[in-house]
Amino acid sequence: MIMDRIALILTIVGALNWGSIGLFQFDIVAWLGGGQSGLVSRIIYTIVALAGIWCISLLFRAREKFEALDE
């Protein structure tokens, strides 16, 4: 469960970063990490992407729990 929360938080951070890009043309991660191609930025982008992939599993696990309750 802790991994789910961490992944969700990171996904929210990624969404907020995309929101700042869309609204203000300002990439917070690139600003913090020394540009989009900076090593720190690339690591953050990769971790957020992995968190997003992890969150896909939340969709299927929620369905399995509801199906088990129906039986």
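F26 is partly exposed, at 37% relative accessibility. The model is predicted.

Two features meet at F26. One is a ring pair with W31. The other is an approach by the side chain of S20 to the backbone oxygen of F26. Both are taken up below.

## The aromatic pair

How many aromatic pairs does the structure hold? The count is one. Its rings belong to F26 and W31, with centres 5.8 Å apart and planes at 55°, so the pair is tilted. Edge-to-face would need planes over 60 degrees apart, and stacked would need them under 30.

The partners sit in separate accessibility classes. W31 is exposed, with a relative accessible area of 58%. F26 is partly exposed, at 37%.

## A nonpolar patch on the surface

F26 and W31 also belong to a nonpolar surface patch. Which element gives the largest share? It is α2, with three residues.

## The overall fold

The protein has three helices and zero strands. From the N terminus on, the order of elements is α-α-α. Helix α1 covers residues 2-24, and α2 covers 28-33. Helix α3 covers residues 39-70.

Of the 71 residues in the protein, 20% are buried. The accessible surface comes to about 5800 Å². Carbon and sulfur atoms account for 73% of that surface. Among contacts with a separation of 6 or more, 44% join residues 24 or more positions apart.

Is Q25 buried or exposed? Q25 is exposed, with a relative accessible area of 75%. Its phi is near 50°, a positive value in a residue other than glycine. Most residues other than glycine have a negative phi.

S20 is in helix α1. A polar atom of the S20 side chain lies 2.7 Å from the backbone oxygen of F26. Leaving out residues up to four places away in sequence, S20 touches Q25, F26 and I28.

What does D4 touch beyond its neighbours within four places in sequence? D4 is in contact with W54, L58 and R61. D4 is in helix α1. It counts as buried because its relative accessibility is 9%, and the cut-off for buried is under 20%.

Two of these partners make polar links to D4. The side chains of D4 and W54 are joined by a polar contact of 2.8 Å. R61 forms a salt bridge with D4, the closest N and O atoms being 2.8 Å apart. R61 lies in helix α3 and D4 in helix α1, so the pair ties together parts that are 57 residues apart in sequence. A search of the whole structure finds one salt bridge. R61 is partly exposed, at 29% relative accessibility, while D4 is buried at 9%.

L58 is the remaining contact named for D4. It lies in helix α3. L58 is partly exposed, with a relative accessible area of 27%. The C-alpha atoms of L58 and D4 are separated by 7.7 Å, although the two residues are 54 residues apart along the chain.

Methods
Residues are numbered from 1 along each chain as its sequence is written. This is a predicted model: local features need pLDDT of at least 70, side-chain atom pairs count only at pLDDT 80 or more; totals for chains, interfaces and linings use all residues. Side-chain values use heavy atoms; hydrogens and water are left out. Helices (H or I, at least four residues) and strands (E, at least two) are DSSP runs, numbered from the N terminus. Buried means under 20% relative accessible area, exposed over 50%, partly exposed in between (1.4 Å probe, protein chains only). A polar contact is a pair of N or O atoms within 3.5 Å; within protein, one must be able to donate a hydrogen and the other to accept it, and residues adjacent in sequence count only if both atoms are side-chain atoms. Contact means heavy atoms within 4.5 Å. Patches are made of residues with over 30% relative accessible area and no salt bridge: like charges are joined within 9 Å, nonpolar side chains (Val, Leu, Ile, Met, Phe, Trp, Tyr) within 5 Å. Accessible areas come from the Shrake-Rupley method with a 1.4 Å probe; for residues, only the protein chains shown count as cover. A salt bridge is a side-chain nitrogen of Lys or Arg within 4 Å of a carboxyl oxygen of Asp or Glu. Rings of Phe, Tyr and Trp (its six-membered ring) pair if their centres lie within 6.5 Å; planes under 30 degrees apart count as stacked, over 60 as edge-to-face and the rest as tilted.
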